[in-house]
Amino acid sequence: MVRCCTRVPRVHGVEKAGYHRNIVTGIDVDNGPGPLSRMTASGITALHIAIEEKNICMVKFLLSHPEIDPGDAHLYAIRENETKIAAMILDKLNEISPGLEYASVTHSSDFPDEATPLAIAAQYGHYELIQYLIEHRLHRIQRPHPPNCNCLSVCKREREIYDSLTVDRKRIFLYRAISNPAYICLTEEDPILASFNLSVELKMAASYDREFYNEYIQLSEQLSKFATDLIGCARKAQEVETVLKRTSGFTRTSRFIYPRLLIALDYKQKTFVAHPNVQEMIENKWVDGWYEWRMRKTWLQCLTVLLRIILLPLIALIILIIPNTKIAKFFSSPVNKFLHSVASYLVFLIIVFIISNADKNKQLRGPPDTGFEPILAIFVISYLWSIIRLIIMHGPKRYFRAPWNWYETCMIFLFVLTFICWIDAAIDVRINGQRDLERKYWHKYDPTLIGEGIYCLATIMAFFRLMFLCQLNYHLGPLQLSLGKMIRDVTKFIVIFAIVLLAFTSGLCKLYQYYDDMVQIDKSNIKIQQVSSFVNFPSSLKTLFWAVFCMSPIESADVIIENLPSDSETETIINYHTFTEIIGYIAFASHRKRHRRMDLWSNRGWQNESLPSSPIRAITRSFSSKVYVDFMLMTTLPPPFNIIPTFAGFQTVAEYVKETLEDEKDEIFDQVMMQLVQRYFRMKSREIEKTNIEKLRRELIEVRGLLREALEAA
């Protein structure tokens, strides 16, 4: 419900008449002029002063007069957290016109036009007032539509009636109200999930409405902090586990024990995931009772991985034959899955290296014949099945949201392409023969050569994947992520550099085309040949590119003209195209100067990005949690043993293909959430009290100083 207050213009700061028009009912309410409705130039009336002094008797007296115009006094009382006074003024508004208490005000010096009682109470976080307005007076806040919405019923109509600034300001005002923790706790059954959803919505709004980017991001961070503070109020592991096991909002069927953790990871709530309470639960689930693993030193953990390489066949046999025994369940813990996976991957790298290190002098046309190719094929097939299984379980959208998953998929795809090239090469040799043909006679697009090239790239990616393990380390993880941030800046730098390079190359590409291969003989009979620098697009691109690394000669911009014939047979004429050469030198020098400035800018940026900080720690823990989740969802047997069909493997995939789970009423969760909310507001109250005490202490110190000065002066 919206109220538009149309008032008679003021004269010398005095409002001549209290006049409201309710846009819903169309009824004009005239309170009549009177001294009680008069206000100062700043908009302060007697009612405002009574509210500020918390004088209930005076407020009651002023409201008893029929000519009183409350104006925005009820909002003022709500801002001052005066519940009883606010209720009295709201009753007065209803006497003036039924339903007027739900409307907003206009021409207020303190509040925007879209301000309603509940919106003001929500913005200031007055818990009791919000509860009173919702439960006793049935106030509601209409949820704002995001900036990218263009619905006919609301957004398009508002844009036609109001200007864009008014619409944007109103949206931000409402977002501030519904983003307050007090309002969320009173209106949502699951405050943590509501905070996640609203935080994501605000981030999307910030990306769309760039003019108010900082406001939206600030609200989004406030919501993330609220969810983090709530989980931080948990005192027992059981309370944290109850929150993390909540299935509300989880759109996929999952055997994973902590669905709320997956939601937090999907919504990029890094501070929530990185909170010690959450990390403690993840770590306990990760080791699954094997606490000795945490106590082992790094060298002993590495030795354990090497030992698993030898024991992998035996462990696979135990899990396949006796899966319900204690030792089989021990090997099925997430940390043991990780050890099995690392041990298996090391074997995979050894095989990849052996094939890559084969003697090329003895290589014949066709696929390589080291004898390890079938084993490599089994490994690649098993890794491909592992990727397909995770895609089914996570869903394509969530799986490909992680850059490392893209990386691993591309790596396996290159190995598959290598196998295709090897098969093509084998078929070509069988049909056309020439297996013993010397390499130098091979066609430039021979499938054997293409297979070797693709295998080279796949090998590089396979060994580079070891960096993935570094991000799990407490010390190497932050450095790794700092390098990742630097790489993103390098990518931005490359885009700018490419534009600069393209601009100069386009201008210089054929400026020296006519002089290509010309040779000039000077008076000392020294031959000078024109450098093929700016004769065509490829040569210009190459010259400017290597100039970045100071490897292009300074003579690249010289213009050399061959000797011209003269009337005398013993003499020649040397001509100079000076203007063309000047233009070439100016462009060449400008390119080098501009790149030098880009170097300085990028170096300063990379130095700042490479410093580890607490946000990077949070990102590191968030990434580690993603890895933990993936290994918790993996099969017990690593590649290549995972291609062996087991009942547990099929059961896991089947459960992920089932229909989505419906949210169930969880009384335990409601009790835990109520306790967390109570502790949260008690913590905030203590913080406010502490701030007030410190403020009072400072004021007392100032008064004591003034008294001392006064006594000394006397």
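1. I count 28 aromatic pairs in this predicted model. The rule takes rings of Phe, Tyr and Trp (its six-membered ring) with centres within 6.5 Å; planes under 30 degrees apart are stacked, over 60 edge-to-face, and the rest tilted. One of them is Tyr407 with Phe464, a tilted pair at 6.2 Å between centres and 45° between planes. Tyr407 belongs to helix 22 (residues 403–432) and Phe464 to helix 23 (residues 447–464), 57 residues apart. Helices here are DSSP runs of H or I, at least four residues, numbered from the N terminus.

2. How buried or exposed are these two? Tyr407 counts as buried because its relative accessibility is 18%, while Phe464, at 45%, is partly exposed. Buried means under 20% relative accessible area, exposed over 50%, and partly exposed in between (1.4 Å probe, protein chains only).

3. Phe415 and Tyr455 make an edge-to-face pair, 6.0 Å centre to centre with 80° between the planes. Phe415 sits in helix 22 and Tyr455 in helix 23, so this pair ties together parts 40 residues apart in sequence. Both Phe415 and Tyr455 are buried.

4. Phe415 and Tyr455 also belong to one aromatic cluster, along with Tyr345, Phe348, Phe379, Tyr383, Phe419 and Trp422. The charged end of Arg465 sits over the ring of Tyr345, 4.7 Å from its centre. Likewise, Arg246 has its charged end over the ring of Phe669, at 4.2 Å from the centre. (For this, NZ of Lys or CZ of Arg must be within 6 Å of the ring centre and within 35 degrees of the ring normal.)

5. On the bookkeeping: residues are numbered from 1 along each chain as its sequence is written, and side-chain values use heavy atoms, leaving out hydrogens and water. As the model is predicted, local features need pLDDT of at least 70 and side-chain atom pairs count only at pLDDT 80 or more, whereas totals for chains, interfaces and linings use all residues.

Note on methods
Helices (H or I, at least four residues) and strands (E, at least two) are DSSP runs, numbered from the N terminus.
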